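Work through the exercises below with the model open. Each task is followed by its solution.

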Amino acid sequence: MWVFPLRSFTRSGETRILCPPPRAVVRMAMLPFSSGKGAKNLGPFSTRSCGFSCLIASFFSLCLVGCPAGEDYTPPDLIYHYKDFKVGKNPTSIRASDFNGDGFTDLVTTNIQGNSLSLLMGTGDGGFKDQRIITACQEPRSVAVDDFNLDHFVDMVVACSGDNHALVFLGQGNGTFLRGAQYAVRRTPVSIATGDFNEDFLPDMIVALRNDKIQVFFGMGNGKFRVGPLYEYGDTPTSVATADFNADNHLDIAVSNGGPMSHAVSIWLGVGDGTFLAPKDYRTGKRPLSVSFADFNSDQTLDLLVINGEMNTITVFLGNGDGTFQEGKDSGGDAGPNYGVAQDFDGDKIPDVAVVNIQSASISLLYGKGDGTFHYPPRHYPTPHAPFALTTLSVATDRGEQPGLAVVNNASSNVSIFLHHGLKARQGEDPASPS
């Protein structure tokens, strides 16, 4: 019988908890000993100031979930921490696009404490120019990008959680934006996504609201929107995402519900006219914070990826192709997962998952097996304080290179760039040269 001692030591104000799983494979979680400084309190889904009880809970959850039976596996070391870039105060979301049409990937962050957006214009070699600050609204929480006025330039829409609006910015194609219209929502928008829900070939948007509602807006093709249906359902939505789950060519939506009465992801099947059928819930781990999609078992059907803020797990739901999903499969990562993305990082044509862990100040890369589960252990990379969200990153839009990651760090107010090791061979080359 195993006896699991709680071993700890402090370094730079942090405590590391060692969780030895079976076969003596050691798992390490790095947790803040105190509430720390600089982290923005983001309400009921903040992992800040949870104190000793959170430390103990994270220890036991990692032992029970994050330390599965031993596996003869060494995760590949495929990315490296390249550089950090300053952004506005307490960033909460990040998107990648080419805002100035130069073929290099740019980034935008929402800065919830700074009431601003930060634009980082890419230089094509993994670096970025100094931020451009755009005054936005009160407590911008998340951002989506699309072309709302059909001028072939990237536009943005921001969920303004502090003043209950969705705010549009129209791109000019040179990295600058004009402030567009704003649309009242009630209340506390936390996540926003775009798509053509009524199939008029114009981009629409959908906003998840903290008070158990989702609001649809229909695009008019000129950068403006008209109000669509309002649905009241769920328990404290935390994210919304769009895809076609049942292959009927109508966009569907998925909403994660992080409230204590739900712990579920809701699937809304689209009809094609901008309305949705009554949702079906799938039970997740505790406090689901984000939902996204990938085909984890290579059956040409989209599956769900849910990041659970408590018990330090992610859940994969394999799709059946008809808009329904199988029972979720949980996998462990590191302490305090907050957001995740799916991408093939190791080139085996099987989606992997990258997760930011706000408590352990790390990224976890979980490499897929092709059946909706992941190899153990994951590969962990340290980050600055309170990594909050991330996006995959290809430094140029047309090279077909292996993706890296861009991570927003809430307490450090910066973006960390992790490049794929495949990019090292190009250091010193002309950034515009093809691969």
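**Exercise 1.** In this predicted model, find which strands each supply at least two residues to the lining of the largest cavity.

Solution. 
- Start with the strands: strand 15 (213–219), strand 18 (252–257) and strand 19 (264–268) each give at least two lining residues.
- Then list the residues. The lining consists of Asp212, Lys213, Ile214, Tyr231, Tyr233, Gly234, Val255, Asn257, Ser266 and Trp268.
- Sort them by class: 5 are nonpolar, 3 polar and 2 charged.

**Exercise 2.** State how many cavities of 30 Å³ or more the whole structure holds, and describe the lining of the second largest cavity.

Solution. 
- The search finds 2 such cavities.
- The second largest cavity has about 40 Å³ of space.
- Its lining is made of Asn312, Thr313, Ile314, Gly332, Gly333, Asp334, Pro337, Val355, Asn357 and Leu366.
- Two or more of these residues come from strand 23 (313–317), and two or more from strand 26 (352–357).
- By class, this lining has 4 nonpolar, 5 polar and 1 charged residues.

**Exercise 3.** Turn to the largest pocket: which residues lie nearest its centre?

Solution. 
- The volume of the largest pocket is about 880 Å³.
- Its lining has 37 residues, and Arg95, Ser191, Val240, Val291 and Tyr339 lie nearest the centre.
- Strands giving two or more residues to this lining include strand 5 (91–97), strand 13 (189–195), strand 17 (237–243), strand 21 (288–294) and strand 25 (337–343).
- The class count for the pocket lining is 20 nonpolar, 14 polar and 3 charged residues.

Terms used: Residues are numbered from 1 along each chain as its sequence is written. This is a predicted model: local features need pLDDT of at least 70, side-chain atom pairs count only at pLDDT 80 or more; totals for chains, interfaces and linings use all residues. Side-chain values use heavy atoms; hydrogens and water are left out. On a 1 Å grid over the protein atoms alone, a cavity is a set of points where a 1.4 Å probe fits but cannot get out, and a pocket is an open set with protein on both sides within 12 Å along at least five of seven lines; lining residues have an atom within 4 Å of a point. Grid points are joined across faces, edges and corners, and a volume is the space filled by probe spheres set on the points. Helices (H or I, at least four residues) and strands (E, at least two) are DSSP runs, numbered from the N terminus. Ala, Val, Leu, Ile, Met, Phe, Trp, Tyr, Cys and Pro count as nonpolar, Asp, Glu, Lys and Arg as charged, and the others, Gly among them, as polar.
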